[in-house]
Each structure stands twice: as structure tokens, then as C-alpha cells.
Amino acid sequence: MRANISGLNDVGPKVMSVNSSDLKIPKEFEVVILKMFSEIESIKLMDVESIMMYNPMTFNPIEKFRVHLELNFKEGVTPRYVREEYSKEISNLFLYTFNEHDFVSFHVDSFNIPPIVTNKEKFFKLFS
């Protein structure tokens, strides 16, 4: 879980952890991600941050959520993008899929890339 951060002298956006143990990525959105990024094998929701901000025009509170992800890649495939680019692309895909939820964004915290299997390992696997 993320540490509670209240900003400098309690000025600025308030960031709090959300209990994410019961949360999961919507199935239809997971399907969209896996189809758009064929190199990704699976996605894991790591945790969620709640960010409380204020509308500067009306001073009404606005709560936004940042979902932290771990991406697991298929064997023998390297990522097409860096983490920041995947974060941006997945956030955009979410807006296209659920356009009424513009208060949600995504951040890729980590990649899991399986080690490359050598020809020697492939040979002994086949002939053992």
C-alpha cells in the first residue's frame, strides 16, 4: 500500500491509499488491453491511490483515482514501450472504453519479463 502523503504543509492535493484487496480490473477492460498489446500476457492490480483535489473555479472537491499495475509479458517477447508510455496508453484506452469515468488513470509500476530460453535449454527440454 502507498504511504499517506498530505503534501507540503497540507497545501495541494491529498493522496491516500485505498483498500484495494477486493478490487480488480474490469474484465471487459482487461480484454481490451490484452488485445491492443499482444505482448502482454496478464495484468495485476497492485494498489489504488485516491487523490483529492479542488476545482479552482468553484472550490468543489474532486476525487481522482490512480490505479497501479504490474504487467506480465509473454515468453520471448520484449516490451514495445517504457512504463510511462504504457501508463499513458492504458489510461487513454480506459477513457475510450469508459468515457464517463474520466477521474481514473493508470500507472505501470513494474514489468515482469520472463528470461529468454536458450537453445541449450530448448534442446534438453525436447530430448529429455
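The side chains of Glu-39 and Arg-80 meet in a salt bridge, with N to O at 3.0 Å; the term denotes a side-chain nitrogen of Lys or Arg within 4 Å of a carboxyl oxygen of Asp or Glu. Glu-39 lies in the loop between α1 (27-36) and β2 (40-54), and Arg-80 in the loop between β3 and α2 (83-97), so the pair ties together parts that are 41 residues apart in sequence. Helices (H or I, at least four residues) and strands (E, at least two) are DSSP runs, numbered from the N terminus. Glu-39 counts as buried because its relative accessibility is 4%, whereas Arg-80, at 47%, counts as partly exposed. Buried means under 20% relative accessible area, exposed over 50%, and partly exposed in between (1.4 Å probe, protein chains only).

The model is predicted: local features need pLDDT of at least 70, side-chain atom pairs count only at pLDDT 80 or more, and totals for chains, interfaces and linings use all residues. Residues are numbered from 1 along each chain as its sequence is written, and side-chain values use heavy atoms, with hydrogens and water left out.

A search of the whole structure finds 3 salt bridges. Another of them joins Arg-66 and Glu-49, whose closest N and O atoms are 3.1 Å apart. This pair links distant parts of the chain, with Arg-66 in strand β3 and Glu-49 in strand β2, 17 residues apart. Arg-66 has 32% relative accessibility and therefore counts as partly exposed; Glu-49, at 6%, counts as buried.

His-68 lies in strand β3, which spans residues 61-73. Its relative accessibility is 4%, so His-68 counts as buried. The side chain of His-68 has a polar contact with that of Asp-109 as well, at 3.0 Å.

There remains the salt bridge between the side chains of Glu-85 and Lys-88, at 3.7 Å from N to O. Both residues lie in helix α2, 3 residues apart, or about one turn of the helix. Glu-85 counts as partly exposed because its relative accessibility is 25%, and Lys-88, at 46%, also counts as partly exposed.

Methods
Polar contact = N/O pair within 3.5 Å; in protein donor to acceptor, adjacent residues only side chain to side chain.
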